Amino acid sequence: MLLRLMLPSAKRKHGEEQPHIPLKIFNLKLRLPFVHYAWEIQETIQSMAIFVTAIAAIAFIQDNFYVTFTVALGITIFHDMMYCLHQLFGDIPLCGWITPSIPLTVAYLQGFEYIGDRMDAMIAVCFSVAVIFLFLGISGLGKRLATLVPDCMKAGILIGAGIAAIAGTHGLSRAATTSGLAGIPISWSVGVGASLFILFARGFKQMKASGDYKFANMLGKAGFIPALVVGGVAGVIAGEISWANLEPIEGAAFFVNPFPAWAWTLENFSIFGRGFPAFGILLGAIPIAIMAYTIAYGDIIVAAKTIEEAQKARPDEKLDHDVNRTHIIVGFRNLMQALFNPMVTLSGPLWAGPQIAVTERYKSSTAMHSLIGGTGTFNIVKLICLLIAPLIMLVQPLMPLAMGLTMMIAGFACFYMGLGLVKTDQERGIAGLMGVAIFVLGATWGLALGIVVTLLVNVLGYRKPKEEENA
């Protein structure tokens, strides 16, 4: 069976790094598919099945900025193009959104009634996130800065994001009309239930670990896609989701042409078209950016750990994973979004589910020639799928459900990650108070309150016990 396609130039000697062209700046290494790494057939199939997640991004854009479907699709295509920069310049991880930050970003945007101000706010968030990643990547200070944020404040940020996700219009809010429990109750309930079971249930994890249920491993690798399908079928039966009257993609026959949409965003939704955001809007975006980076740094650590484990399992390939390089490419992606196509989901350093699935296949045998070949193939195929109009039109009616499932999954994950960071009663209290403050008062006041309460409750007057100092 044909497992991969590559030119002789993509072969390597045992124990050496995959071929590349060194660029001699920031440890960037130019790699082209087929030429410098193999095109992996199994990752092609897997990516074709999971590209559907992109429709949630399209829905978030339309929901917050009221642009046409074609414009939202164009922004999403640009966003997915930026994913490919990682493998193109030598970075290994499969990157994605900063998912837990989406509720915080959406709540911040909803604070602006005028759509023009909301667009400026999104540009400001993307630009601020870009500056943080680029500065910390170029200076090499990323790891040091992230460790300065106390765990109780990290937990507070995550809890605040979780509350915003679950209590919002795509979750339990009664204000929803087309999404969430109030808008599509049957499909939402079925989809959320299936998502939580497949992604988090102890029983399902046991089924996968036992090896007796092959279908469980297949469902687990597909992320929330099976739940989206099940919820979609329930929605069609209940009359909540219609497969008829699909909105045509403007100017598309078989392949989507994103250039008209990009021309519109360049003129109406970019720094070049709108000018640099006002100082007040930029200032308000900084707390969101700080929180987003704090959340994203956890993904950087997870990516490093998975690649470290892959290296131990496959000594035949030298894996060069550079955290500073990841910072720089992620920062550049967010900068490009700020300049041309601002994205609600932001550009993050890891898409954990597919990264783990690809890495596990790489570790299991030498069937996958190179890890960067697996992740690179996955990203390119996902982009190609977004350019095929019939595929997009087929899944378009599922957008409200995809948005709801994304927020509920993010909220659940934010809660368990946040609560897992705190160990003392004081830390638990600070995290809870800060989380509610972020949801009720907004990111700026929530972050400020978290700093003050942390100093009052966890720092002032406290001396470490001798056993802690000597540890």
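Biologist: Which residues lie nearest the centre of the second largest pocket?
Modeller: The model is predicted, so local features need pLDDT of at least 70 and side-chain atom pairs count only at pLDDT 80 or more, while totals for chains, interfaces and linings use all residues. Residues are numbered from 1 along each chain as its sequence is written, and side-chain values use heavy atoms, with hydrogens and water left out. On a 1 Å grid over the protein atoms alone, a pocket is an open set of points with protein on both sides within 12 Å along at least five of seven lines, a cavity is a set where a 1.4 Å probe fits but cannot get out, and lining residues have an atom within 4 Å of a point. For the second largest pocket the lining comprises 23 residues, and those nearest its centre are Asp63, Val106, Gln110, Thr169 and His170.

Biologist: Which helices each supply at least two residues of the lining of this second largest pocket?
Modeller: Helices (DSSP runs of H or I, at least four residues) and strands (E, at least two) are numbered from the N terminus. Around the second largest pocket, the elements that each give at least two lining residues are H2 (54-65), H5 (102-110), H8 (151-167) and H21 (399-421).

Biologist: How many charged residues does the lining of the second largest pocket have?
Modeller: Asp, Glu, Lys and Arg count as charged, Ala, Val, Leu, Ile, Met, Phe, Trp, Tyr, Cys and Pro as nonpolar, and the others, Gly among them, as polar. On that basis the lining of the second largest pocket has 14 nonpolar and eight polar residues, and the number of charged residues is one.

Biologist: Are the rings of phenylalanine 34 and tryptophan 39 stacked or edge-to-face?
Modeller: The structure holds 16 aromatic pairs (centres of Phe, Tyr or six-membered Trp rings within 6.5 Å; planes under 30 degrees apart are stacked, over 60 edge-to-face, the rest tilted). Because the centres of the phenylalanine 34 and tryptophan 39 rings are 5.4 Å apart and their planes make an angle of 5 degrees, this pair is stacked.

Biologist: With which residues is aspartate 80 in contact, leaving aside its neighbours within four places in sequence?
Modeller: Aspartate 80 belongs to helix H3 (residues 69-83), and at 1% relative accessibility it is buried. With those neighbours set aside, its contacts (heavy atoms within 4.5 Å) are Lys382, Leu383 and Leu386.

Biologist: How many charged residues does the lining of the largest cavity have?
Modeller: The count is one cavity of 30 Å³ or more, and the largest cavity holds about 50 Å³ of space. Its lining includes Glu17, Arg31, Gly90 and Ile372. By class this lining has three nonpolar and two polar residues, and the charged ones number five.

Biologist: Near what value is phi of asparagine 27?
Modeller: Phenylalanine 26 lies in the loop between strand E3 (21-22) and strand E4 (29-30), and its phi is near 55 degrees, a positive value in a residue other than glycine. Asparagine 27 is also placed in the loop between E3 and E4, and with a relative accessible area of 31% it is partly exposed. Its phi is likewise positive in a residue other than glycine, near 60 degrees.

Notes. Buried means under 20% relative accessible area, exposed over 50%, partly exposed in between (1.4 Å probe, protein chains only). Grid points are joined across faces, edges and corners, and a volume is the space filled by probe spheres set on the points.
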